[in-house]
Amino acid sequence: PGRRRCRGPGGRMGLEPLFQAWSYFRRRKFRQCSDLCSQLLERPPGEQAAWSLKMRALTEMVYVDEIDMDEEGIAEMMLDENSIAQVARPGTSLKVPGTGQGGGPSPAVRPVTQSGRPITGFVRPSTQSGRPSTMEQAIRTPRTALTARPITSASGRYMRLGTASILTNPDGPFINLSRLNFAKYAQKPKLAKALFEYIFHHENDVKNALDLAALATEHAQFKDWWWKVQIGKCYYRLGLYREAEKQFKSALKQQDMVDTILYLSKVYLRLDQPVTALNLFKQGLDRFPGEVSLICGIARIYEEMNDISLAADYYKDVLKQDNTHVEAIACIGSNHFYSDQPEIALRFYRRLLQMGVYNCQLFNNLGLCCFYAQQYDMTLSSFERALFLAENEEETADVWYNLGHVAVGIGDLNLAYQCFRLTLVNNNDYAEAYNNLAVLAMRKGHIEQARALLQTASSLAPHMYEPHFNFAILSEKVGDLQRSYTAAQKSEEAFPGHVDTQQLLKQLKEHFAML
């Protein structure tokens with residue numbers, strides 16, 4: 001009694017500024033936390049706690065989880081110095097299409113990407129980048145989910161992230177790295193870890209981050225597994241995959257962690273060693289039974305190796321452990337759809353809707369499932385919702401393309417023509433729409449227009465067999481046998497098991513033999 005609580009202005013309870021900043025940080029209000037720490041640092045003497053907290057706040061503002069962040073850009077693909085076997089054994093390579101042992105669905109049923117693998121049910125960075133055969137194709141072909149431009153170098157993307165983050169402080173960078181004495185900070189483990197993450201994620205200065213990590217692990221007498229993982233991440237970012245592998249293996253010997261297993265698997269996948277990555281995941285499951293990220297990693301690799309049935313089994317195992325795993329539900333639903341089971345796929349996509357996933361892609365898939373399951377009352381309303389929710393022109397193009405398919409299915413070819421034209425209005429690089437417009441033009445007898453459309457489609461998507469085959473058929477009909485033979489050979493290369501292409505080639509060879 002007799003004592004009074006300290007009150008702030010306006011009669012409210014006041015908080016100690018550093019505690020207020022920590023409260024902002026805990027509530028993920030990083031901008032307010034950073035501003036308050038800046039005010040604290042302006043007062044003499046600047047508190048080390050405020051300095052460290054501001055570093056952590058700035059890091060969290062641009063933090064990207066390195067485990068899922070794996071874009072392989074043009075520079076990484078075309079200028080890769082790691083030698084990969086050109087003729088890999090079946091089931092041992094991700095770079096060479098058609099080396100999967102699982103005998104996945106044919107391209108006639110399930111479309112393939114330009115890397116030769118069937119499209120997945122869930123967009124990931126690794127599913128967006130293909131393996132183009134030439135630099136020209138790499139630059140021309142759109143491969144990303146959200147842009148018509150190809151992915152540029154991943155290192156360039158990180159660099160842009162680092163330069164943009166300087167804007168967080170109008171007076172310039174928060175820490176002048178060139179003046180820091182890393183040897184001094186390496187002797188303070190808690191401060192060194194915050195400083196490393198700031199340099200690595202916010203400033204994107206991998207070389208300085210590596211120097212700090214090397215000094216810190218030396219100070220810890222090489223007994224701290226965390227620093228070894230960070231050195232491995234730096235080596236991975238610099239493209240030194242074998243050195244990164246050594247660091248991750250050393251860290252695993254000291255401390256068995258799921259994250260380290262995932263980082264090491266990334267190294268093996270970049271070195272095109274999927275079998276080694278699978279063995280690593282399976283060994284990890286022996287030590288961490290039921291770990292969802294490890295099971296999901298196995299499923300992704302099998303999916304990329306075109307072993308769809310095994311991938312689906314592992315995705316089902318994921319759902320046994322976590323029945324709200326969006327990627328597993330989407331991939332199983334996609335697999336059922338392409339296995340001619342749209343009713344079962346519909347149940348999985350409805351499950352995603354119940355979980356709160358509410359976007360254009362989901363309603364697009366729901367519309368297709370309803371159409372093929374003959375639930376016509378829901379088809380158009382699903383596509384209308386998808387158009388309403390589309391965030392960019394590429395998504396809108398996908399919806400119009402599917403509506404064109406629905407129009408073909410009900411026999412309204414004029415509506416189909418309009419839908420495919422609208423697809424091209426939204427995305428001028430949509431090869432499938434060019435191919436289908438060519439087929440409609442052929443039905444109307446517009447031969448030259450159809451040939452031009454098919455040539456455009458085959459140049460945009462050389463991995464698709466349909467434009468090549470259609471062009472071969474069309475050329476054969478008008479008597480241009482040489483072009484027909486060349487296009488049929490490209491079709492056979494894209495889809496070796498296509499019976500109609502083989503029959504056409506046989507006929508053409510008989511023609512040439514008679515000549």
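**View 1. The whole chain, helix by helix.** Helices (H or I, at least four residues) and strands (E, at least two) are DSSP runs, numbered from the N terminus. By that rule the chain has 27 helices and 0 strands. The model is predicted, so local features need pLDDT of at least 70 and side-chain atom pairs count only at pLDDT 80 or more, while totals for chains, interfaces and linings use all residues. Residues are numbered from 1 along each chain as its sequence is written, and side-chain values use heavy atoms, leaving out hydrogens and water. Of the 515 residues, 47% are buried (under 20% relative accessible area, 1.4 Å probe, protein chains only).

**View 2. Inside the largest nonpolar core.** Such a core is a set of buried Ala, Val, Leu, Ile, Met, Phe, Trp, Tyr and Cys residues joined through side-chain atoms within 4.5 Å. The largest one has 62 residues, and Phe248, Val267 and Leu294 are among those with the most contacts inside it. Which residues touch Leu294, leaving aside its neighbours within four places in sequence? They are Val258, Ile261, Leu262, Phe281, Gly284, Leu285 and Phe288 (contact means heavy atoms within 4.5 Å). Apart from this largest core lies another, of 31 residues, including Tyr434 and Ala472.

**View 3. Where helices H25 and H27 meet.** H25 (residues 465–477) and H27 (residues 499–514) pack at about 35°, their axes 11 Å apart (axes are lines fitted to C-alpha atoms over the stretch in contact, with angles from 0 to 180 degrees between N-to-C directions). On H25, the contact uses Phe469, Ala472, Ile473 and Glu476; H27 brings Asp500, Thr501, Leu504, Gln507 and Leu508.

Conventions:
Buried < 20%, exposed > 50% of the residue type's maximum accessible area, 1.4 Å probe, protein only.
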